[in-house]
Amino acid sequence: MTPVNIVLIGPPGCGKGTQAVRLAERYTIPQISTGEILRAAVRAGTPLGQQVAATLASGSLVGDEMMTDLVRDRLAQPDVARGFVLDGFPRTVVQAQTLDEMIGPTTIVVLIDVPDAEIVRRMGTRRVCDACRLTQSVSDAFHPDSEPCPYCGGNLVRRPDDEPGTVKHRLATYATFAAPIIEHYRSRRTFRSIQGTRHADKVTAAITKHIETCLKHSAEK
Ligand code: AMP
């Protein structure tokens, strides 16, 4: 069976994580979030975590070599035999070229497009449970003392890099690197840009439709 290799790109807060979880479930493939791998390393205080902690806190990008080594190791694991959903990688053209070398150009690439103003709004209400790690959206009137995680009762906390100043820097970083990456993929039949401002279910439906078309094409070959 052809592996289902999916890459989600888009600005921070566009919904890559939410969609990646859904696609991973639908196609029974692992979700690989480079941001989550790095944050877990920081939490665990591993040598990798110590190396990247300051970069993550600032909202800048970790170096290409470190990221491509990390992804190469992850894609060598047996659980990716049926495919994978990559969320947060590639973020530079060097990373995109290296990914092509690793798995070939047949990867299904989806850009989830969301304007900056909407991203800033979403990041303002984004919280992560410090116990179950689920990312959630809270109301504007959210009060941390009286509103625990509805799933496990843990504390809902803001990711340090979701602080408004850091969000601005992350969006600026994205703006610098996004256009060349999109250019790298744009001419491919397997690339699709999807409007991410709609309800998450509609976004999932649009992404799934694109994936099914790509899979049908590759089966016909
Ligand atoms: P994310 O959860 O995808 O927003 O990633 C959080 C942070 O991890 C980013 O702001 C970067 O500092 C770092 N990071 C994640 N993926 C990459 C990548 N592919 N290249 C460089 N830095 C990354």
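The crossing of H4 and H5 is right-handed, a crossing being called right-handed if the near helix is turned clockwise from the far one by less than a right angle, and left-handed if anticlockwise. Helix H4 spans residues 64-75 and helix H5 residues 93-103, and their axes come within 10 Å and cross at roughly 25°. That angle makes H4 roughly parallel to H5, since angles under 35 degrees count as roughly parallel, over 145 as roughly antiparallel, 65 to 115 as roughly perpendicular and the rest as oblique. The axes are lines fitted to C-alpha atoms, for helices over the stretch in contact, with angles running from 0 to 180 degrees between N-to-C directions; the helices (H or I, at least four residues) and strands (E, at least two) are DSSP runs, numbered from the N terminus.

This is a predicted model, in which local features need pLDDT of at least 70 and side-chain atom pairs count only at pLDDT 80 or more, while totals for chains, interfaces and linings use all residues. Residues are numbered from 1 along each chain as its sequence is written, and side-chain values use heavy atoms, with hydrogens and water left out.

A second pair is formed by helix H1 (residues 16-27) and helix H8 (residues 200-220), which pack at an angle of about 50° with their axes 10 Å apart. H1 and H8 are therefore oblique to each other, and their crossing is right-handed.

Two loops deserve a look at the backbone. In the loop between H1 and strand E2 (31-33) lies Thr-28, whose phi is near 50°, a positive value in a residue other than glycine. In the loop between strand E3 (83-87) and H5 lies Pro-90, which is joined to Phe-89 by a cis peptide bond with omega of about 5°. Most residues other than glycine have a negative phi, and most peptide bonds are trans.

Turning to the ligand, there are 16 residues around it, of which Thr-34, Arg-39, Ser-60, Gly-88 and Arg-91 come nearest; a residue is near if one of its heavy atoms lies within 4 Å. Helix H2 (residues 34-44) gives the largest share of this shell, four residues. Polar contacts are pairs of N or O atoms within 3.5 Å. A nitrogen atom of the ligand is 3.0 Å from a side-chain N or O atom of Gln-95, and oxygen atoms of the ligand lie 3.4 Å from a polar side-chain atom of Arg-159 and 3.0 Å from one of Arg-170.

Technical notes. A polar contact is a pair of N or O atoms within 3.5 Å; within protein, one must be able to donate a hydrogen and the other to accept it, and residues adjacent in sequence count only if both atoms are side-chain atoms.
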